[in-house]
Amino acid sequence: MIRSAQRELSTVSGKGPGRTMHEQSRTLIVDALAAPIGTKHRIQGWIRTRRDSKAGLSFLNVNDGSCFDNLQVVAPGELSNYEDTVLRLTTGCSVTVEGELVASQGAGQTIELRADTIELVGDVEDPDTYPVSAKRHSFEYLRSVAHLRSRTNTFGAVARVRHCLSYAVHDFLHRRRFLYIHTPIITASDCEGAGEMFRVSTLDLLNRENATEGQPAPADYADDFFGREAYLTVSGQLSVESYCCSLSNVYTFGPTFRAENSNTSRHLAEFWMIEPEIAFGDLADDATLVTAFLKHLIRTVLEERADDMKFFDLRIKKGLIDSLHKVVEADFARVSYTDAIAELEKAKKKFEFPVKWGIDLQSEHERFLTEELYQQPIIVIDYPKEIKAFYMRLNDDEKTVAAMDVMVPGIGEIVGGSQREERLDVLDRRIDEMGLPREPYWWYRDLRRYGTVPHAGFGLGFERMIQYVTGMANIRDVIPFPRTPRSADF
RNA sequence: UCCCCCAUAGCUCAAUUGGCAGAGCGAGCGGCUGUUAACCGCUAGGUUGUUGGUUCGAGUCCAACUGGGGGAGCCA
């Protein structure tokens, strides 16, 4: 596919036989901007703006997504197609430009490409209705043209930061000898216990073969594809625990699906989650890992995407870079749930939800703790067992479990984790207490019957991390094509 | 799912008590200029989200629906 697409493109630009990517004579703009003056380049990208000078030349800002900055192309009036092509280029047109890098006479940039040839690859049908014209657009509007919004500064920057973070996740864990485990997307029973699930089925619910008189027949999952009910995963954790109990340090990084009817700026029906799991480790190890992990991600983005981060700092959230630097330097505060409740009770602030030991922390409580009291990311540990999942390890006080939530200013909860209950008798007791059936967990319980080990892990919401790092207010703007209730366009 | 708010030109928004549909940006054309948030002039651009209702008359008032935003819950 790529080969033929390249051939097509090469034909359009009249450059002879097709080339594969690595043979291509194309210079990406990120490389062109770093190349020495006097070198010749062939660049390809999309026009951001065109400015004409009646001194007989035009300026084209061209972007190809390889970095934040555009390359300024100077188009001399002597070009054979200056009148009929260059002067008709509009925002969004794709072009191939060959020329020489020269020192720029203007302000805004140090170098520019003086064009020898400019070829129009793809025209813009109607500049008046081009959806991402050269003006400010609201994020709400851009969501309705999600197929084109990556051509804007903001969404290009988000995509590059997203890639950088994604790469940094693998890099950090790989270097610490974690193995990347591909846990299943389809799960066969509702035993993951993390909320509403999407059903996976090949049954035609609207046209049952055995429907009679408009009366639908009852579902019989024995006839379904898997011969039983199946769902999209809400977490890879239980699966990855099994690999943890043999390969030691492991992680998942994949799509996750929640059918919750959540309509907020920090929920998606389809999102990506990173779930490391460490063997022979406890909650303290888990907290140490998550701290180093988050710091590494932030540090990497600040270094490798300085161009995009500068933009976010300037246009999206003032002071963003400073606050991220502080996070990298300061240690995260670790506070027990019990102490956090005490702090909230002491606080002069009036909360809508009254504070009392045993309650789940509400948004307003989390915000107060991380944004006002500590003013940095905090790790709250040891929650009451009643408000946490069955698999979390029961502490010696018999009242709390070894759970942790990491909350950050502006987002709230970004990580949820725990030490897992490795004692079969305690696990069984907890399953019973929560009114869950033991049977579906047979394999999970097996892990505790055969060479059980203390282990712990956490789940990091990848999009929330991107939000935190970029300052983007809405989670729908940090994933290419967001899926939310009543919305699955593109 | 609950509460509040919104829907008018390609986009962002105006429109007086219910009385002729407006501006800025973007776009097209022209002028000026090694330009870069350019600047100056002209032009085009509308079934006011959908359906129904009240009224002599509805962008404006009422109802339902659809879509969107903010907050809450659930969570990552």
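Predicted model: local features only at pLDDT ≥ 70, side-chain atom pairs only at ≥ 80, totals over all residues.

Two strands count as paired if DSSP finds at least two bridges between them.

**Strand 9 and its partners**

- Strand 9 covers residues 250–257, and because 7 of its 8 residues are buried, the strand is largely enclosed by the rest of the structure.
- Strand 9 pairs with strand 6, which spans residues 179–180, in the parallel sense and over 2 bridges.
- Within this part of the model, Tyr180 stands opposite Tyr251, a residue of strand 9.
- Strand 9 also runs antiparallel to strand 10 (residues 270–279), to which it is joined by 8 bridges.
- For Phe257, the bridge partner in strand 10 is Glu270.

**Helix 5 against helix 12**

- Helix 5, made of residues 237–247, packs against helix 12, made of residues 442–449, at an angle of about 30°, and their axes lie 10 Å apart.
- Since angles under 35 degrees count as roughly parallel, helix 5 is described as roughly parallel to helix 12.
- The crossing in which helix 5 passes helix 12 is left-handed.
- On the side of helix 5, the contact is made by Gln237, Leu238, Ser239, Glu241 and Ser242, while helix 12 contributes Trp443, Tyr444, Leu447 and Arg448.
- Sorted by class, the residues in this contact of helix 5 with helix 12 are 4 nonpolar, 3 polar and 2 charged.

Note on methods:
Residues numbered from 1 in each chain as written. Chains lettered and ligands numbered in written order. Heavy atoms only, no water. Axes fitted to C-alpha atoms, helices over the stretch in contact; angles between N-to-C directions. Helix = DSSP H or I, 4+ residues; strand = E, 2+ residues; numbered from the N terminus. Parallel < 35°, antiparallel > 145°, perpendicular 65-115°, else oblique. Left-handed = near helix turned anticlockwise from the far one by under 90°. Contact = heavy atoms within 4.5 Å. Nonpolar A, V, L, I, M, F, W, Y, C, P; charged D, E, K, R; others polar. Buried < 20%, exposed > 50% of the residue type's maximum accessible area, 1.4 Å probe, protein only.
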